[in-house]
Amino acid sequence: MRIRRALGLSAAVATTVLGVPAPAQADSPATLYVDTDATRCSDTGPGSSAEPFCHIATAAALVEPGQTVRVAGNRQYREEVHLTRSGTPAKPITFVGGTGTQGPLPLVGATGRAFVLSGVHDVVVQGFNLRGTSEAVAVTASSRVTLDGNQFGAGDPAVRVSGPGDHVTVSRNRFHRSGGVTVEGGARDTLVTTNDLSRTLGGVRVTDASGPVVVHNTVAFVCGPSVVLDGASAGAVVANNVLTGHNADSLAVGVAPACGAEQDGTEVSVSAGSTTGSTVDHNVVHPFPNASAYTWAGTAYRSPKDFAGATGQGAHDVDQDIAFDTKALPTANVVTEAATAAVDAADPAAPGALPTDLLGTPPLDDPLLPNAPGSTGRDRGAYELKGLRSVTAVSSGAQVPSPRGPAPFTARVTPTAVNAWPTKLTYTYDFGDGTPALVTGQATADHAYASPGVYRPTVVATDELGARVSGSSSAVTVGTPGPLVPSLVVNPNGPLSYTVDTGGSTGPWAVNGWKVDFGDGTAVVPGASPAHTYAAPGRYTITLTETDEGGRTASVGQVLDVDYDRMHKDQISGERVRVIAGLDDALSDNQVNYTSGTWYRMNALTWLNTTLGFDRTTRLAAAYTRNGDLHAVRSTASGWIQLAEWQAGTFEWRPWENIIRSGPTGTALATPGGNLSVDQVAATSIGNTLHVVALAGGRVFEATRDYDTGTWSGWGEISAEAHLPGPVTRIAASAVGNALHVAALGADGHLRIADGDYTRGTWSSGDLTAYRGGPGGVTELATATIGSRFHVLAVSGGRVQQITGDYAGGDWNTWADVSAATGLGGSVSRISAAATGNTLHLYAVTGGASGTNSGGVYSADGDYTRGTWSSWADITAPERTGPMGGGTVFTVAAAGR
């Protein structure tokens, strides 16, 4: 005795010298707390709820028999915890995380393992989410250790039990896409019961460990056999399990990593050295296709019938393809009514059965199914089938629809249970205000709340067999008595458009009626958050009227000054030009408002192709009509002429629509010239009529769309009406008054002007080159009108030349070099022109040939009031154009208003 006391004293002194606190004394608290996220956590103690330890390992070094280490859930503990202290059979040491398999559980694991139990006894580890890079939990040379109600998501194996040691229990754990359970090295009487192993890297493997009991487990879709007894593992019991390698659903959602759709293996494998005294019976065994159900002493058996006939084992085993109810609990394999081989079919005499299943449900005898012979109504596998599946609850007022009102307020809680069995239910109502729970058979309960607050009632439904489910109700809000005070918040929602937010209204009763008068004579709008668009800018008074469930009415008003924001105002007023550019295989548009002096960034128009499919643009034209809408016209690589429109009323683009298509296919309009290939398009407007001019087969055609009537004309041939000699190679068009003027460049190099007088209904033409001469080698044309003056611009030798015809004065001036006047260097490949007020705006693409150049778009302005041209400016600079900056521009169109 003296020697033992001396040893104990020495040990105590040694731990003190090493800096480890002395063990807790007899008056130590029953519970030690760990919370790594707590503000006041400390590893120097005391481990109380107010000042918990930061690490589980700290508590593990101090815990005494009979104490519980309670670890805060929903935390991550990056540590490997070594448990070296033991309890007694009457006073075990318990480590508790969450409650059973329900979260939130503390996550424990680091490089290596989560828990290591070595040479200990009478220890329980319960309610953790455990991970490991090797095994998650290792139990070595230990006895009376229980791993219960944990989740495993990593580790191979997830649990390793090795001897010498005995009576280690692995119970009510969920293993998902982790390893399985390995028992080895002389461990005796290990119990593996009521676990769910789903899509794991292995099932339960016992090697050289006597007396293992593997009962009431569900092992589904694992890599390798479900249960293996290897080496000398005699005296085993494998009973009341559901073991399935495959079903149609498992293939649909995929099996564990490294598993194929089919597996050449076996579900239950018992070596020759493990058959002595071992029993395999009362299991559901369903193997992978083309695999055996059993291997007994080296011989494979495809079915329970074959197995029982040859060995006498598995007389009550059944092969059934079970589809599990994964909706009941994600990643779990809960049985359904269809699992007739598992329900009410367990052997009550098999050892290792727990009082409840993995979810805490007691044995339930399904009243809708007969029991298997000899069974008392318990199910095979880790789960008991319940008729009572779920309960949900809603709260309301006892006298009003909403669960909201002033104190004192009487609320009504109404649960709805899903129960597949004809069993009576009892409801336990916890109203959340500290009053005693109400237990009743009624599926509704009223409760009077005396004080203001927010309460969330809960309901537990219990059937007469003992199954329990719980659910939370919607919150009950009890307020202080007071008036209804409406809140009106008005937010802009686009041009002249606003939304109303009434969510800030206050009062103890729920608001159940809203009316908004927007103050412009339109109908009063009901609803809590209406939207409204005003027809015109102005000052309006918005009035909100609310009623609540207490029968009260109140109003609030707000004066609103309605106007366009700067960007939208710039799009509909002032002198403005819209520029559309072909950028590689996409389109972008930009706008400059010359009145406010604002350029807006490029807006990609590629999405406008979505209704017709992608098609590369070859030529562009644009024009405004009197209603303020902008019309973009393009020819495409596949032969279409298409129209897209920007609408001033909505500030939005409408998708492309086909005008004509070359070739033999059907078209929206008759094809110009009998399906001739379209080479170029031009566009202008007279009033509210859009004129589309097309160059096809060297001839010039025209079609119009009247936006007052919404109708298209057919195609007419300008070349024939105006007697233009062909072939024509380039065109441009603009209108002066009620006349359409088309500049047409012939193959002979002569520029001719065709004039369509819509007042008289006649066409005429003249040879401008013969009259005024002109530059040779013209490659591009553009036109624009200012008042009665028709401006024609031509590209010759990469330079821009200009001539103007004054239709009021009746004559043309002479050609002038715009490139010289503006200082534009480089080679111009494409041009477009637009006019605002008394100013001509010219836009030029510089660089190489069409479709291959990498130049930008430059702009110059001719002010005819001052008689000056501005210098050229690059409008494709990134700070101006956004997505267009630095790209390949190959065509451009502009329209002014």
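**Exercises on salt bridges and strand pairing**

In this predicted model, Glu80, Arg113, Glu135, Arg160 and Glu184 are linked in a network of salt bridges. The count of salt bridges comes to 32.

**Exercise 1.** Determine which strands the salt bridge between Glu780 and Arg619 links, and whether its two residues are buried or exposed.

Solution. Step one: the side chains of Glu780 and Arg619 meet in a salt bridge at 2.9 Å, N to O. Step two: Glu780 belongs to strand E65 (residues 778-786) and Arg619 to strand E52 (residues 617-624), 161 residues apart. Step three: both Glu780 and Arg619 are buried.

**Exercise 2.** Find what the salt bridge between Glu780 and Arg730 ties together, and assign the accessibility class of each residue.

Solution. Step one: the closest N and O atoms of Glu780 and Arg730 are 3.4 Å apart. Step three: buried means under 20% relative accessible area. Glu780 has 4%, so Glu780 is buried. Arg730 has 25% and is therefore partly exposed.

**Exercise 3.** Trace the pairing of strand E8 (residues 121-126) with strands E5 and E11.

Solution. Step one: strand E5 (residues 93-96) runs parallel to E8, and four bridges join them. Phe95 has Val125 in E8 as its bridge partner. Step two: E8 also pairs with strand E11 (residues 143-148), in the parallel sense and over five bridges. Here Gln126 stands opposite Asp148 in E11.

Definitions and conventions: Residues are numbered from 1 along each chain as its sequence is written. This is a predicted model: local features need pLDDT of at least 70, side-chain atom pairs count only at pLDDT 80 or more; totals for chains, interfaces and linings use all residues. Side-chain values use heavy atoms; hydrogens and water are left out. Two strands pair if DSSP finds at least two bridges between them. A salt bridge is a side-chain nitrogen of Lys or Arg within 4 Å of a carboxyl oxygen of Asp or Glu. Buried means under 20% relative accessible area, exposed over 50%, partly exposed in between (1.4 Å probe, protein chains only).
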